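Biologist: I am new to this structure and would like to learn how to read it, one feature after another. Could you show it to me first?

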Amino acid sequence: MAIKKNIIVIGGDGFCGWPTALHLSKQGHNITIVDNLSRRWIDQKMGADSLTPIASVEDRLAAWTETTRLEIEFASIDVAREFNRFTALLASVKPDVVIHFGEQRAAPYSMKGIDEKRYTVDNNISATHNLLAAVTELGIDPHIIHLGTMGVYGYDDDGIQIPEGYLSVYIPGDDKRIFQRDILYPTNPGSVYHMTKSMDQLLFQFYAKNDLLRITDLHQGIVWGTQTHETKLDERLINRFDYDGDYGTVLNRFLMQAVVGHPLTVHGTGGQTRAFIHIQDTVQCIALAVNNPPQRNGKVAIMNQMTECHTVRVLAEMVAAHSDTKVAYVDNPRNEAAENDLRVSNKSFIDLGLNPITLAEGLMDETQNIAVKYADRCIRKMIPCVSTWTDKQRPGVVKSAA
């Protein structure tokens with residue numbers, strides 16, 4: 001049994017945050033969720049909804065206590081805008097660990113329009129900096145764990161294995177000596193959302209160096225699956241299942257489309273290679289990070305949180321063969337390479353004992369069963385991705401010459 005810790009989970013009502021909060025509570029930690037419930041009002045704004053019915057946060061927490069006799073505290077705070085309230089909470093809870101999920105997480109949503117771009121930057125950067133500034137102001141020393149993204153590295157197919165955050169470089173000096181340095185792997189964001197995650201890295205680098213904060217930055221792949229051991233305990237605990245064109249992750253979208261008889265929408269050639277991880281492995285990786293804090297040495301610990309890589313085309317073919325569904329190749333709304341390879345190191349988590357769940361283990365059936373059970377909740381008009389990366393990709397948009 002790990003040492004009991006006071007843990008704050010920022011964004012603990014979301015797709016990754018909720019099952020993480022439950023998992024760590026079940027392990028015996030004291031959990032406080034901080035959330036402004038923005039993911040819920042974004043759904044309302046878009047006219048979308050989770051395929052699975054999501055109970056109110058009050059009902060979710062009550063169900064957790066009824067099911068497990070464990071309690072999770074909740075504070076309704078907008079970390080990006082309510083600095084003083086958040087600082088007061090930190091001072092009261094005195095957390096050993098702060099897990100930061102409190103960012104707008106969807107690349108398509110961040111490219112939807114000027115309002116969404118500005119919101120993503122204002123929310124994500126302010127939330128991250130407010131956390132770092134508050135911890136520094138209070139003089140406390142929690143281990144800060146941030147859920148980042150593999151997308152900070154970009155997908156340009158450089159022909160190398162992507163390391164875990166740092167790249168060793170060799171620089172010739174004036175006296176012809178060669179100096180070795182470890183630098184952050186050059187970022188190459190593909191959306192405003194990914195850009196904010198790249199900017200997070202510099203904030204972390206500064207505060208780790210300047211104030212010796214202990215920070216772990218987890219560069220996560222695309223999450224698939226819906227349920228974890230804890231969210232299965234009661235239907236009121238069920239996790240989100242996003243399938244819309246902005247928030248739905250690609251494999252979950254394919255599995256839902258197959259259930260409702262919608263062709264599997266592959267953008268472009270489908271040759272985009274991406275890293276993937278099951279939601280159960282997400283919570284296990286975060287628990288491993290909680291139990292393995294970095295030294296207070298001025299360097300951010302960066303770990304790649306993924307388990308396998310596949311092209312979108314291969315995923316579609318797998319689901320199509322599994323469900324006898326057609327594949328539809330549609331215009332790619334993103335400004336990205338049509339084809340890329342991807343090799344990623346995930347040595348840190350493997351060394352810590354992660355036994356990855358892979359697509360070959362049949363858990364696609366479990367996710368598809370969820371889609372079948374709640375198929376009547378599907379809003380079909382929300383399936384296509386209509387957020388585009390450039391004006392040229394938007395139907396009917398003509399820019400006048402300067």
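**A loop residue, a sheet and its helices**

Modeller: Let us start with Glu 235, which is found in the loop between β10 and α8; helices (H or I, at least four residues) and strands (E, at least two) are DSSP runs, numbered from the N terminus. This is a predicted model, in which local features need pLDDT of at least 70 and side-chain atom pairs count only at pLDDT 80 or more, while totals for chains, interfaces and linings use all residues. Residues are numbered from 1 along each chain as its sequence is written, and side-chain values use heavy atoms, with hydrogens and water left out.

Biologist: Is Glu 235 buried, partly exposed or exposed, and which residues does Glu 235 touch?

Modeller: Buried means under 20% relative accessible area and exposed over 50%, with partly exposed in between (1.4 Å probe, protein chains only); Glu 235, at 45%, is partly exposed. Contact means heavy atoms within 4.5 Å, and Glu 235 touches Lys 373 and Tyr 374, not counting residues up to four places away in sequence.

Biologist: In what order do the strands of the open sheet stand?

Modeller: In general, strands of a sheet pair through backbone hydrogen bonds, either parallel or antiparallel. Two strands count as paired if DSSP finds at least two bridges between them. Here 3 strands form an open sheet in the order β10-β12-β14, with mixed pairing. Because β10 (222-224) and β14 (308-311) stand at the edges, each with a single partner strand, one side of each is left without a neighbour in the sheet. Strand β12 (residues 273-278) pairs with β14 in the antiparallel sense over 4 bridges, and Thr 273 stands opposite Thr 311 in β14.

Biologist: Which helix lies across β10 and β12?

Modeller: For such angles, axes are lines fitted to C-alpha atoms, for helices over the stretch in contact, and angles run from 0 to 180 degrees between N-to-C directions. Helix α9 (residues 279-290) lies across β10 and β12, running at about 75° to β12. Helix α10 (residues 312-323) also packs on the sheet, where α10 touches β12 and β14 and makes about 85° with the direction of β14.

Biologist: At what angle do α8 and α10 pack?

Modeller: Helix α8 (residues 250-260) packs with α10 at an angle of about 25°, their axes being 10 Å apart. That makes α8 roughly parallel to α10, since angles under 35 degrees count as roughly parallel, over 145 as roughly antiparallel, 65 to 115 as roughly perpendicular and the rest as oblique. Among the residues that meet are Phe 254 and Leu 255 in α8, and Leu 315 and Val 319 in α10.
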